[in-house]
2 protein chains.
Amino acid sequence: MRRDIFQAIADPTRRAIIALIALQAMTPNAIADNFHTTRQSVSKHLRILTECELVKQEQQGREIYYSLEIKKLKEVDKWLNQFRKLWETRFNQLDDVLSTIKKQKK
Amino acid sequence: MRRDIFQAIADPTRRAIIALIALQAMTPNAIADNFHTTRQSVSKHLRILTECELVKQEQQGREIYYSLEIKKLKEVDKWLNQFRKLWETRFNQLDDVLSTIKKQKK
DNA sequence: ATTTTGCGAAACCAAAAGGTTGCATATATA
DNA sequence: TATATATGCAACCTTTTGGTTTCGCAAAAT
């Protein structure tokens with residue numbers, strides 16, 4: 001089990017869940033209602049998300065509300081930082097210009 | 001085959017390859033020398049990265065130089081944007097303070 | 001001309017992932 | 001108390017993944 005954040009966001013359903021609970025906590029059943037999948041499947045995704053601390057849970061009676069640990073997403077942002085300088089440089093803008101010229105020639 | 005950028009960066013070896021060729025183009029053999037894996041394995045990763053347009057290749061004689069399509073990484077950044085506002089709000093800073101207090105109590 | 005080198009592609013394999021089904025448990029509700 | 005609901009967890013199955021081995025081809029080197 002790798003279970004790091006990059007593997008966690010690799011699955012499209014998990015990304016959808018993340019977006020869904022970003023603003024308000026939801027129960028597994030409520031989440032499952034939003035997708036074409038079963039509650040158990042969502043539950044599995046939630047476990048993975050919980051294991052890599054992307055999601056936190058709060059029990060309320062027999063319901064469990066899941067919400068996003070937004071801070072954890074910063075790790076992806078941090079990884080992107082090493083490339084941000086590259087895509088913001090003039091060199092890349094020049095690259096864009098060159099490829100545009102190339103296309104026009106065709 | 002899903003083959004989107006999120007699945008591409010899910011693998012740690014692929015992330016390492018991405019970081020490696022971010023600054024200069026490299027051949028599969030040269031890339032493989034940097035890891036504890038075979039050239040064929042790297043080749044497979046490069047194919048995946050190429051398929052989702054994260055990497056471009058340039059043939060030079062019998063060698064093929066692979067380099068990063070930095071622009072493609074912006075897609076991850078774009079996805080993060082929807083959450084960026086959230087983790088930058090005061091509410092989250094308050095959240096941080098609260099969890100710090102919680103830790104001190106322990 | 002022959003050998004070496006760099007490469008992609010296909011075949012094969014073990015492990016992991018994602019999904020489903022069934023079950024146990026705890027909390028509501030009638 | 002009996003039943004319905006919300007959930008986690010384990011077992012199972014199929015597909016995908018990451019890796020290795022083998023092969024063939026083309027370009028360089030001998």
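Which residues does Ile21(B) touch, not counting residues up to four places away in sequence? They are Met26(B), Ile31(B), Tyr66(B), Ser67(B) and Leu68(B), where two residues are in contact if their C-beta atoms, placed from the backbone, lie within 7 Å.

This is a predicted model, in which local features need pLDDT of at least 70, side-chain atom pairs count only at pLDDT 80 or more, and totals for chains, interfaces and linings use all residues. Residues are numbered from 1 along each chain as its sequence is written, while chains are lettered from A and ligands numbered from 1 in the order in which they are written.

Ile21(B) and Ile21(A) have the most contacts inside the largest nonpolar core, which has 37 residues. Such a core is a set of buried Ala, Val, Leu, Ile, Met, Phe, Trp, Tyr and Cys residues joined through C-beta atoms within 7 Å. Buried means that 20 or more other C-beta atoms lie within 10 Å of the residue's own, all placed from the backbone.

A rotation of 180° with 0.0 Å of shift along its axis superposes chain A on chain B, with an RMSD of 0.0 Å. That is the relation of a two-fold axis. Of the residues of chain A, Ala10(A) comes closest to the rotation axis, at 3.0 Å (C-alpha). The same surface serves both copies, as 100% of the contact residues of chain A recur in chain B.

Between the two chains, 19 residues of chain A are in contact with 19 residues of chain B. On the chain A side, α1 (5-8), α2 (12-20) and α5 (70-88) each supply at least two residues. α5(A) gives the most to this side, with 11 residues. Helices (H or I, at least four residues) and strands (E, at least two) are DSSP runs, numbered from the N terminus.

A residue is near a strand if its C-beta atom, placed from the backbone, lies within 6 Å of it.

| DNA strand | Surrounding residues | Closest residues |
|---|---|---|
| C | 24 residues | Asp11(A), Gly61(A), Arg62(A), Thr27(B) and Asn29(B) |
| D | 24 residues | Thr27(A), Asn29(A), Asp11(B), Gly61(B) and Arg62(B) |

For DNA strand C, the elements that give two or more residues are α4 of chain A and α3 (28-32), α4 and β2 (63-68) of chain B. For DNA strand D, they are α3 (28-32), α4 (39-51) and β2 (63-68) of chain A and α4 (39-51) of chain B.

Definitions and conventions
Least-squares fit on C-alpha atoms with pLDDT ≥ 70 in both. Buried ≥ 20, exposed ≤ 12 C-beta atoms within 10 Å, placed from the backbone.
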